[in-house]
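Student: I would like to learn how to read the sheet, the helices and the aromatic rings of a model. Could we go through them in turn?

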Amino acid sequence: MANTAYHVTICTYNREPVFSQFTNARIVISELKNLHDTYSVSSLAWVVMPDHLHWLFALNTSLTLSEVVKMLKGKTARQLNVTMQRQGAIWQKGYYDHALRQEEDIKHIARYIVANPLRKGLVERIEDYPHWDAIWL
């Protein structure tokens, strides 16, 4: 639904750490930015972890949530398979989504998303993790 904010989590197929490779993570980030720049969504916060993506965004157009996720997964899967010189699934079939209610603190959810690398022990300071962004910074 347009103007609804969503927190989406999308995992890689078999939780393979595809995004441990810098270039692979940047392919996903490039497509997140493309979806934002073409006005399909307003990205609010995101983090690309080694085996999953957390993304907080609002729909801006008549596209549905499932259409946006399908676009992201399809385009990135094709690009990643070419880059990794392989074929097959990159993403798990489903994804987790949560439509935010008005009373939910969107900045709190964004902080939760951005802090994921800290909680997973990948870095000691979020500034040291290269694959995240939030509009409030």
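Predicted model: local features only at pLDDT ≥ 70, side-chain atom pairs only at ≥ 80, totals over all residues.

Student: In what order do the strands of the open sheet lie?

Tutor: Helices (H or I, at least four residues) and strands (E, at least two) are DSSP runs numbered from the N terminus, and two strands pair if DSSP finds at least two bridges between them. Here five strands form an open sheet in the order β4-β1-β3-β2-β5, with antiparallel pairing. Its edge strands, β4 (96-99) and β5 (132-134), each pair on one side only. Within the sheet, β2 (residues 41-48) and β3 (residues 52-59) pair in the antiparallel sense over seven bridges, and Ala45 stands opposite Leu56 in β3.

Student: Which strands does helix α1 touch?

Tutor: Contact means heavy atoms within 4.5 Å; axes are lines fitted to C-alpha atoms, for helices over the stretch in contact, and angles run from 0 to 180 degrees between N-to-C directions. Helix α1 (residues 22-37) packs on the sheet, touching β2 and β3, and its direction makes about 165 degrees with that of β2. Helix α2 (residues 65-83) also packs on the sheet, where it touches β1 (5-11), β2, β3 and β4, its direction making about 135 degrees with that of β3.

Student: How many aromatic pairs are there?

Tutor: Rings of Phe, Tyr and Trp (its six-membered ring) pair if their centres lie within 6.5 Å; planes under 30 degrees apart count as stacked, over 60 as edge-to-face and the rest as tilted. By this rule there are three aromatic pairs. Among them, Phe19 and Trp91 have ring centres 5.4 Å apart and planes at 40 degrees, so the pair is tilted. Phe19 lies in the loop between β1 and α1 and Trp91 in the loop between α2 and β4, so the pair ties together parts that are 72 residues apart in sequence.

Student: Is Trp91 buried or exposed?

Tutor: Buried means under 20% relative accessible area, exposed over 50%, and partly exposed in between (1.4 Å probe, protein chains only). Trp91 counts as buried at 7% relative accessibility, and Phe19 is buried with a relative accessible area of 2%.

Terms used:
Residues numbered from 1 in each chain as written. Heavy atoms only, no water.
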